[in-house]
Amino acid sequence: MRKNKKIDSFILAGGLIIVILMLLSLIGFFYTPYEPNKMDAASKFLAPSLKHFMGTDHFGRDIFSRVMKGLGTTATVGLSIVVISGTAGAILGLLTGYFGGIADEIIMRICDMINGFPSILLALVFISVLGSGITNVILALGIIYIPSFTRIVRSETIKYRNYDFVKSARLMGVGSIRIMFVHIFPNIFSTFLASVTVGINNAILAEAGMSYLGIGVNPPAASLGSMLSDAQAYLQSAPWYALGPGLTIILMILGFSLLSEGIRRSSC
Amino acid sequence: MSNVLEVRDLYVGYYNKKKLFEPAQYKEVLKDITFDIRENEIMGLVGQSGCGKTTLSKAILGVIPYKSGDIKHMTTRPQMIFQDPYSSLNPVKKIGWILEEPLKVIGGYTKAERKDKAIWMLEKVGLSGDYYNRLPKELSGGQRQRISIGQALMQNPGFIIADEPVSALDVTVQAQIMDLLLELKEEMKLSYLFISHDIDVIYQMCDRVMVLNNGEIVEMGEVTQVLDNPKDSYTKMLVSL
């Protein structure tokens, strides 16, 4: 129960982290301290210093500049994946949960099938059919994450379908679509939003994994995941190479996790 | 006096499929139900749980199909008032929205007209216009039940099924809600089918009453006549409880 309008501390902390990171990546579109893809053989593997905030990599590129660029890519990919899967999952979940019946069975069994495979493996199958590239990664992961949202929205819809306010809406002559989206969905929204933020985390990690496997962004363009995979070879000699992008990923996920926990907490 | 509802020879049942490859078994819930509800009348419906009270109200509202017989409504859009005031209002919507939604379905009202009618209805059910911007969780059970009644009346239904509308409330609030229902009946020329298991409530509220046992009407007539002087053994048992 909300007693006053005070914002939850988790939402505040998570929001602050996300805003700072977003700002950083936004600035990265117009300005980076160094040219992110410019190689400089003279300044290979420089440790973090005032000149190079996160050090330099094996081509002498400034890691901080590349993180700024890569952050934008990773965030865009993560958000696009969740927008695709969240929208489709919400619609499918509402339809299957509200109407039930044969269509529900069929859609849920397809979801089971998708869930049956490890997501990275399934993404690899999609990529080998569609071809590599960032758009296809978004598409593949977007489809793979649909079942998790469908499941959450469906079970909540089933719960609310039997409430008297839904019955009385039906008696008043409110249409099924309006009942689903206007009467039921707002009740589910906070649960849905919490699962969306968790979904963003998973999407960011999956994108990092895909780039790590070399099927995400094409070099020399940077994403946090691809940088991390490059850094692996130099973990002993230049640990700061992994530290820059790695910490940024952790920070971003921490931000979204705090946000989702805060939303969940303040909604009940 | 004309009728608002005529039910003739109504049979309702459902198919119960227990095993996958066996044919479904038909189970009859209501048998040979015939009754009328007159204009501006409260018809009581008593019976133990499981006797088919809720099935009858669902069949009347057209939520479930019936096997044979005839249900004739003389009013449009009959409404229902539910037992549990905590699940009958949408928890995330403001009272104003809840009251205006029935008007949006009908259409033809401007935003200002809808708001005027919602506030008018709030006053009609004994609350003030201040409740317009409140959420259901800020209201007590009795206040919620008032809102439910108001929402049911927004479309000018003429006939309302009240399914145990006061059983979830405590005694003092019960009396208030019953008074409200009686007032509104006179003011808005309503008829109720009033379902209850509480003989005292039926006695105070209803003009006529029918007693349902095992899906059959065993006795029907004026409240005073049926409850003061029961003829059927089942009715005698109910009254003596």
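Predicted model: local features only at pLDDT ≥ 70, side-chain atom pairs only at ≥ 80, totals over all residues.
## Helix 1 of chain B

Which residues are buried in helix 1 of chain B? They are B:K53, B:T55, B:L56, B:S57, B:A59, B:I60 and B:L61. That makes this helix, residues 53-61, mostly covered, with seven of its nine residues buried.

Chain B averages a pLDDT of 88, and 99% of its residues score at least 70.

## Salt bridges in chain B

Over all chains, the count comes to 17 salt bridges. One of them pairs B:R208 with B:E41, at 2.5 Å from N to O. B:R208 sits in strand 8 (residues 208-213) of chain B, while B:E41 sits in the loop between strand 2 (25-38) and strand 3 (42-46), so the pair ties together parts that are 167 residues apart in sequence. B:R208 counts as buried because its relative accessibility is 9%, and B:E41 counts as buried too, at 5%.

B:R114 and B:E100 make another salt bridge, with the closest N and O atoms 3.7 Å apart. This pair links distant parts of the chain, 14 residues apart: B:R114 is in helix 3 (residues 111-124) of chain B and B:E100 is in helix 2 (residues 95-106) of chain B. Both B:R114 and B:E100 are buried.

## Salt bridges in chain A

Over in chain A, salt bridges that share partners join A:E105, A:R109, A:D112 and A:R151 into one network.

There's also a salt bridge between A:K167 and A:D164, whose closest N and O atoms are 3.5 Å apart. Both residues lie in helix 7 (residues 164-171) of chain A, three residues apart, or about one turn of the helix. An α-helix has 3.6 residues a turn, so residues three or four places apart point the same way.

## A negative patch on chain B

Back in chain B, which residues gather in a patch of negative charge on the surface? They are B:D9, B:D32, B:D70 and B:E216. B:D9 is found in strand 1 (residues 3-16) of chain B. With a relative accessible area of 43%, B:D9 is partly exposed, and patch members need over 30%, so B:D9 clears that cut-off.

Key
Residues numbered from 1 in each chain as written. Chains lettered and ligands numbered in written order. Heavy atoms only, no water. pLDDT = per-residue confidence, 0-100. Patch = residues over 30% accessible without salt bridge, like charges linked within 9 Å, V, L, I, M, F, W, Y side chains within 5 Å. Areas by Shrake-Rupley, 256 points an atom, 1.4 Å probe, with all protein chains shown as cover. Salt bridge = Lys/Arg side-chain N within 4 Å of Asp/Glu carboxyl O. Lys, Arg positive; Asp, Glu negative; His and termini not counted. Charge placed at Lys NZ, Arg CZ, Asp CG, Glu CD. Helix = DSSP H or I, 4+ residues; strand = E, 2+ residues; numbered from the N terminus. Buried < 20%, exposed > 50% of the residue type's maximum accessible area, 1.4 Å probe, protein only.
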